Amino acid sequence: MEEVSTGTEPRVPAVKPDTKPSSYDEVPPLLEAAASANAAAAAVAEVAEVDKDLLCPICMQIIKDAFLTSCGHSFCYMCIITHLRNKSDCPCCSQFLTNNQLFPNFLLDKLLKKTSARQISKTASPVEQFRQALQQGYEVSIKELDNLLSLLAEKKRKMEQEEAERNMQILLDFLHCLRKQKVDELKEVQTDLQFVKEDVNSVERHRIDLYRARDRYSVKLRMLGDDSSTRKPWPSSIDKKRSGIVSSSLNVRGGMSAGNLQNKKIDGKAQVSGHGSQRKDTLSGADSQGFNQSGLSVARKKRVHAQFNDLQECYLQKRRQLSNQPHIKQESDKNVIHKEGYNAGLADFQSVLSTFTQYSRLRVIAELRLGDLFHSANIVSSIEFDRDDELFATAGVSRRIKVFDFSMVLNKPADVHCPVVEMTTRSKLSCLSWNKYWKNHIASSDYEGIVTVWDVTTRQSLMEYEEHEKRAWSVDFSQTDPSMLVSGSDDCKVKVWCTKDEASVLNIDMKANICCVKYNPGSSNYVAVGSADHHIHYYDLRNISSPLHVFSGHKKTVSYVKFLSENELASASTDSTLRLWDVKENLPLRTFRGHTNEKNFVGLTVNSEYIACGSETNEVYVYHKEISKAVTWHRFGSQDMDDADEDAGSHFISAVCWKNDSPTMLTANSQGTIKVLVLAA
């Protein structure tokens with residue numbers, strides 16, 4: 001309490017001190033300080049008491065425009081007038097009171113003004129107090145004014161100097177920070193430039209090696225041609241055509257052997273005239289092939305320039321990550337010719353560049369309609385290839401699983417193909433999953449929450465699981481344990497089943513609807529779950545108390561999850577984005593935008609390099625996993641509807657599926673149209 005009082009002591013007005021001891025000079029300093037503190041506390045208490053007496057009993061604020069009642073109480077004018085509108089008594093003593101018994105209290109008003117002035121003077125700054133003193137007529141001599149002006153001028157210069165120093169320090173800090181940032185950027189650019197220089201040298205060396213190898217092959221071909229012509233100086237009529245083609249190609253390169261020259265002299269003009277037309281045909285064929293190769297090269301270069309920024313980011317990212325790792329050629333490096341000194345990052349990027357620029361469009365190679373006379377709804381919810389890519393199955397709202405022979409669809413063009421197997425279900429179907437071990441087994445999930453395992457050969461159900469309480473959206477067979485499958489439902493539950501048991505072997509309760517489930521292709525212990533809570537939950541089934549990791553980033557429901565590899569997971573959402581995740585490092589890798597998906601299930605399929613999905617604009621989009629923009633897209637057309645705009649707005653892509661790692665893909669839309677598309681240059 002004493003510390004608080006001492007802290008407020010400079011603001012306490014002067015009061016009459018208590019009686020001092022007779023021997024005041026002999027009072028120790030500590031007692032003097034204590035006496036001062038006590039006096040200050042008493043002064044504060046006295047002021048507090050005075051302030052209470054100056055408060056209006058109605059509003060409990062300092063009285064404003066004081067009015068006195070006939071009974072001797074003072075109030076704010078507006079407070080007492082408002083009170084008398086409702087009651088006719090004094091708020092303090094309850095004596096009868098009317099408006100005619102109110103009188104202005106001039107003395108109290110004067111005291112209140114003085115008190116207010118003192119309060120202002122206590123809280124006012126010294127400058128404000130000095131200004132008030134001058135306004136009230138305080139006498140100041142010229143000398144004092146000169147001294148004050150000099151003092152103020154000096155104070156102003158000092159403040160300006162301090163302000164300038166502060167501004168300079170702020171500017172200096174900014175420049176230091178900017179310099180550090182730019183130096184870091186410069187180092188990064190210099191490092192990147194060094195990478196580019198090294199890679200340019202490596203590529204140039206390897207290109208020269210390729211040219212030399214090509215020249216060696218050309219020399220070998222010439223030697224083989226010379227040997228054949230030397231052994232057969234008088235060729236038969238059949239061989240003459242072959243020798244004509246070889247000799248014409250040798251003439252183009254300007255290389256002829258002595259033996260050939262002698263044979264030429266013996267044959268004379270007849271032989272020359274006999275092969276002239278063939279030589280022209282050979283040259284024209286070579287020219288046309290060269291033009292085709294040149295056209296493809298130009299088209300690929302245009303694709304590079306169109307996506308240059310994304311490709312640049314991909315190159316730098318790979319080059320920085322793998323800057324110190326030499327390339328070790330793998331069996332999968334089909335597009336990379338390995339030479340010593342080739343960096344791993346450059347080799348990886350070359351593979352990306354080759355696959356990315358290889359294709360520019362989707363070409364339709366087959367089409368069929370799933371029209372049903374008895375069912376107007378033909379939405380295909382799921383389309384999947386079997387283990388060997390020989391059969392594919394479709395399912396949807398028509399309550400039928402239809403299995404088609406893929407080769408028949410390709411080789412027998414027709415608008416309507418008959419399925420080789422057809423199985424009827426009790427409810428609309430949402431998802432299919434082929435068993436990767438037993439070729440004839442396929443699992444389905446439906447709108448009643450039933451998960452069924454079918455035998456395609458016998459067209460009978462092997463197992464039916466009815467534990468889900470609501471619609472089951474997704475089902476998936478494990479690739480490593482063919483007896484295990486997992487399903488997810490609107491009842492917020494993920495259930496793991498074994499084909500050897502009649503009940504679920506594992507149950508995961510979640511807080512939101514489950515839209516998709518997928519086993520990791522490398523292990524039956526790991527499952528990815530897409531949920532309506534906008535997240536992807538990655539579980540280790542050996543410990544389901546909590547997920548290994550929760551991937552956040554989508555803004556809406558996660559509708560699909562698919563594995564590109566054991567470590568790469570792709571997801572689709574109704575926020576119109578696809579995302580790629582690293583489940584090993586628990587990191588987001590890339591976001592893909594271009595398609596439209598806000599409310600429907602539009603399908604998702606992946607292979608080792610490409611990601612494809614549908615769009616609510618009735619289009620199929622294909623993305624390369626290293627580039628965030630679409631490589632190409634294909635629009636479904638309708639021949640049954642006259643209004644193209646109405647068709648585009650009412651139909652959407654509903655299912656897609658790659659044929660393993662090939663450029664061929666199955667696609668289906670909400671109209672029941674299935675197209676076989678292939679990536680083309």
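Colleague: Is P482 buried or exposed?

Modeller: P482 is buried, because its relative accessible area is 17%. Buried means under 20% relative accessible area, exposed over 50%, and partly exposed in between, with a 1.4 Å probe and protein chains only. One caution: this is a predicted model, where local features need pLDDT of at least 70 and side-chain atom pairs count only at pLDDT 80 or more, while totals for chains, interfaces and linings use all residues. Residues are numbered from 1 along each chain as its sequence is written, and side-chain values use heavy atoms, with hydrogens and water left out.

Colleague: Where is P482 found?

Modeller: P482 is in the loop between β13 (472-477) and β14 (484-489). Helices (H or I, at least four residues) and strands (E, at least two) are DSSP runs, numbered from the N terminus.

Colleague: What does P482 touch?

Modeller: Leaving out residues up to four places away in sequence, P482 touches N435, Y437, W438 and F477. Contact means heavy atoms within 4.5 Å. P482 and N435 are 47 residues apart in sequence, yet their C-alphas are 6.4 Å apart in space.

Colleague: Zooming out, how many helices and strands does the protein have?

Modeller: The protein has 12 helices and 31 strands. Buried residues make up 39% of its 681 residues. Take the contacts between residues at least 6 apart in sequence: 50% of them join residues at least 24 apart.

Colleague: Now the largest nonpolar core. Which residues touch the most other members?

Modeller: L362, Y610, V620, V622, W658, M665 and L679 do, out of 26 residues in that core. A nonpolar core is a set of buried Ala, Val, Leu, Ile, Met, Phe, Trp, Tyr and Cys residues joined through side-chain atoms within 4.5 Å. In soluble globular proteins, nonpolar side chains tend to be buried together.

Colleague: What is Y610 in contact with?

Modeller: Setting aside neighbours within four places in sequence, Y610 contacts T355, F356, Y359, T605, V622, Y623, H624, V631, W658 and L679.

Colleague: And α9, which of its residues are buried?

Modeller: D310, L311, C314, Y315, L316, K318 and R319 are the buried ones. Helix α9 covers residues 308-321, which is 14 residues. From first C-alpha to last it reaches 20 Å, close to the 20 Å expected at 1.5 Å a residue. The expected span is 1.5 Å times one less than the number of residues.

Colleague: What do the buried residues of α3 pack against?

Modeller: They pack against β2 (74-76) and β3 (102-104). Helix α3 spans residues 77-86, and its buried residues are C79, I80, I81, H83 and L84.

Colleague: Change of topic. Why does M168 count as exposed?

Modeller: M168 counts as exposed because its relative accessibility is 56%. M168 sits in helix α6 (residues 142-231).

Colleague: Which loop is N586 found in?

Modeller: N586 is in the loop between β23 (577-582) and β24 (587-593). N586 is not a glycine, but has a positive phi of about 55°. At 29% relative accessibility, N586 counts as partly exposed.

Colleague: What about N660, where does it lie?

Modeller: N660 lies in the loop between β29 and β30 (664-669). N660 is not a glycine either, and has a positive phi of about 50°. N660 counts as partly exposed, at 48% relative accessibility.
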